[in-house]
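The following exercises are to be worked through with the sequence and the structure at hand. Each task is followed by a solution in steps.

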Amino acid sequence: MRVLKYPHPMLEYQSKPLLKIDQKVRDIVAEMFDLMYESEGVGLAANQVNLPYQLIVLNPTGDPEQKDQEYVLINPTILKLKGKNVDGEEGCLSFPGLRLIVPRAAEVKFQAINLKGQPQTYIWKDFMARIVQHETDHLFGSCFYQRAVESITPNYELFLERLKEKFQEDVKKGLEPKQEEFLENVAKWESERC
Ligand SMILES: [Zn+2]
């Protein structure tokens, strides 16, 4: 498992609901947490690791010792965004080094299924609200730069261009899939869903 980098087409994928929670899903979740901590992130969406499910892991402390702060959100639905949008700084593991100012609702009410299969309703504020909005965007194929109002990183457009060039080089080297291979893989996943 690895974190896909912009502009990998999986980052634009409309993730599909997870239909059952079994040992395979629990193993994926454990691996996603390991990768998130290793990458010094606070949240990770499944399509960032090349998986087509509506699945998010997060821990606002980013500290692997603080297990009580870990959340697994399966098939999340945002029910309500509340309060004025607040500008705040964000980074993203799929855009290493890029820091942007993104407006997000100060409070979010949402539903998700936890790893035990129980539907839960959450009301989160501030940083937690920011994380869940950022990660939910990922699941529906959008990334933070699409909502950003300002960049902390200088020459932000150039930064994205460099990432695109790097990705194209990796496609040429066969390290990343060509668009048509990617679409074939997606069609295969979707046909195998039970
Ligand atoms: Zn992100």
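Helices (H or I, at least four residues) and strands (E, at least two) are DSSP runs, numbered from the N terminus. This is a predicted model, in which local features need pLDDT of at least 70 and side-chain atom pairs count only at pLDDT 80 or more, while totals for chains, interfaces and linings use all residues. Residues are numbered from 1 along each chain as its sequence is written, and side-chain values use heavy atoms, with hydrogens and water left out.

**Exercise 1. Describe the protein donors of the zinc ion.**

Step 1. Donors are N, O and S atoms within 2.8 Å of the metal (3.2 Å for Na, K and Ca); water is not among the atoms, so sites may look incomplete.

Step 2. Buried means under 20% relative accessible area, exposed over 50%, and partly exposed in between (1.4 Å probe, protein chains only). C92 is buried, at 8%, and H134 is buried, at 6%.

**Exercise 2. Describe the order of helices and strands in the chain.**

Step 1. The chain has 4 helices and 6 strands.

Step 2. Along the sequence, their pattern is α-β-β-β-β-β-α-β-α-α.

Step 3. The radius of gyration, taken over C-alpha atoms, is compared with the globule rule, 2.2 Å times the number of residues to the power 0.38. The chain has a radius of gyration of 17 Å, close to the 16 Å that the rule gives for 194 residues, so the chain is as compact as a globular protein of that length.

Step 4. Of the 194 residues, 45% count as buried.

**Exercise 3. Locate E40 and D126, and state whether each is buried or exposed.**

Step 1. Most residues other than glycine have a negative phi, and most peptide bonds are trans.

Step 2. E40, in the loop between α1 and β1 (43-45), has a positive phi near 60°. E40 is exposed, with a relative accessible area of 75%.

Step 3. D126 belongs to helix α2 and has a positive phi of about 50°. D126 is exposed, with a relative accessible area of 56%.

**Exercise 4. Which residues does the cis peptide bond join?**

Step 1. The bond joins Y6 and P7, with omega about 0°.

Step 2. P7 lies in the segment before α1 (23-38).
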